[in-house]
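User: Hello, could we go through this structure together? I would like to begin with one residue and then look at the whole chain.
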Amino acid sequence: MQNEVVSREEWLEARRALLAKEKEATKLRDSVNAARLALPWVKVDKDYVFETPEGRKSLADLFDGRSQLLIYHFMLGPDWDAGCPGCSFLCDHVDGALPHLNHHDVTWVAVSRAPLDKIAAYKQRMGWQFPWVSSFGSDFNFDYHVSFSPEDLAKDKVFYNFTPMQPADANDELPGLSAFYRNDKGEVFHTYSSYARGPEELIGTLMILDRAPKGRNEDSTMNFVRRHDEYEEAAKAPSCCH
């Protein structure tokens, strides 16, 4: 299927109309970002302990000496054989950003309920470098509404993305992103969380595809995504040299 083909003048008229909408979207994004920064904070008083390659660490320890912490709630449950393809897709974009984040006083850490050895094996398979720790045995994932016990899923509703939802639409693990701040006194505050498609802008590949002629070319949200070592070799276009 092909879009309508028009003259250059007609295309310019349509493109200028789209540009006006793009500028509106940019201004709206700026407004949303400002509102996000203005959100009130919640002090974290609960003691969470994580298993890391360097031993057991508290939430405050995960800041690694910085004042800001972004935690990606990566879907990898204790009984899972591999990480979620969508979470893996997002995290493929993280390593290149780490030097910039770290030098801007931000630490990025992925957290999953899987045991540390299972995390380490999948991290090695994917070739990632970012910090990734286990919250196994902790309430952390449950308190931030990204993990659900069999008892949770047996209830009439579960709470995800700030909304009650049908357990049939949930899973034992779901994705999200949470932000925290640590002040000079060592106090930790929860400043922001985002779930479902909320962290989508972190996926640079999607932003690029949005500008390609066929866009994301998907039947449902990210149904084309595979783990990066699971794509079949795409058929190459014929070359004039062969």
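User: Where is Val-188 found?
Analyst: Val-188 is found in strand E10, which covers residues 188-195. Please keep in mind that this is a predicted model.

User: Is Val-188 buried or exposed?
Analyst: Val-188 is buried, because its relative accessible area is 7%, and buried means under 20%.

User: Which residues does Val-188 touch, leaving out those up to four places away in sequence?
Analyst: Val-188 touches Val-42, Lys-43, Val-44, Leu-59, Ala-60, Phe-63, Phe-180, Tyr-181 and Arg-182.

User: How far apart are Val-188 and Val-42 in sequence and in space?
Analyst: In sequence, 146 residues separate Val-188 and Val-42. In space, their C-alpha atoms are 8.6 Å apart.

User: How many helices and strands does the chain have?
Analyst: The chain has seven helices and 10 strands. Its C-alpha trace spans about 65 × 45 × 45 Å along the principal axes.

User: And how much of the chain is buried?
Analyst: Of the 242 residues in the chain, 36% are buried. The chain exposes about 15500 Å², and carbon and sulfur atoms supply 53% of that area.

User: Next topic: which residues make the nonpolar surface patch?
Analyst: Val-6, Trp-11 and Leu-12 make a nonpolar surface patch of about 250 Å². Val-6 lies in the segment before helix H1, which covers residues 8-37.

User: Why does Val-6 count as partly exposed?
Analyst: Val-6 counts as partly exposed because its relative accessibility is 35%, and that class lies between the cut-offs of 20% and 50%.

User: Let us turn to the loop between E7 and E8. What is the phi of Asn-161?
Analyst: Asn-161 has a positive phi of about 55 degrees, although it is not a glycine. Asn-161 lies in the loop between strand E7 (158-160) and strand E8 (163-165).

User: What about Phe-162 and its phi?
Analyst: Phe-162 lies in the loop between E7 and E8. Its phi is also positive, near 65 degrees, and Phe-162 is a residue other than glycine.

Terms used:
Residues are numbered from 1 along each chain as its sequence is written. This is a predicted model: local features need pLDDT of at least 70, side-chain atom pairs count only at pLDDT 80 or more; totals for chains, interfaces and linings use all residues. Side-chain values use heavy atoms; hydrogens and water are left out. Patches are made of residues with over 30% relative accessible area and no salt bridge: like charges are joined within 9 Å, nonpolar side chains (Val, Leu, Ile, Met, Phe, Trp, Tyr) within 5 Å. Accessible areas come from the Shrake-Rupley method with a 1.4 Å probe; for residues, only the protein chains shown count as cover. A salt bridge is a side-chain nitrogen of Lys or Arg within 4 Å of a carboxyl oxygen of Asp or Glu. Helices (H or I, at least four residues) and strands (E, at least two) are DSSP runs, numbered from the N terminus. Buried means under 20% relative accessible area, exposed over 50%, partly exposed in between (1.4 Å probe, protein chains only). Contact means heavy atoms within 4.5 Å.
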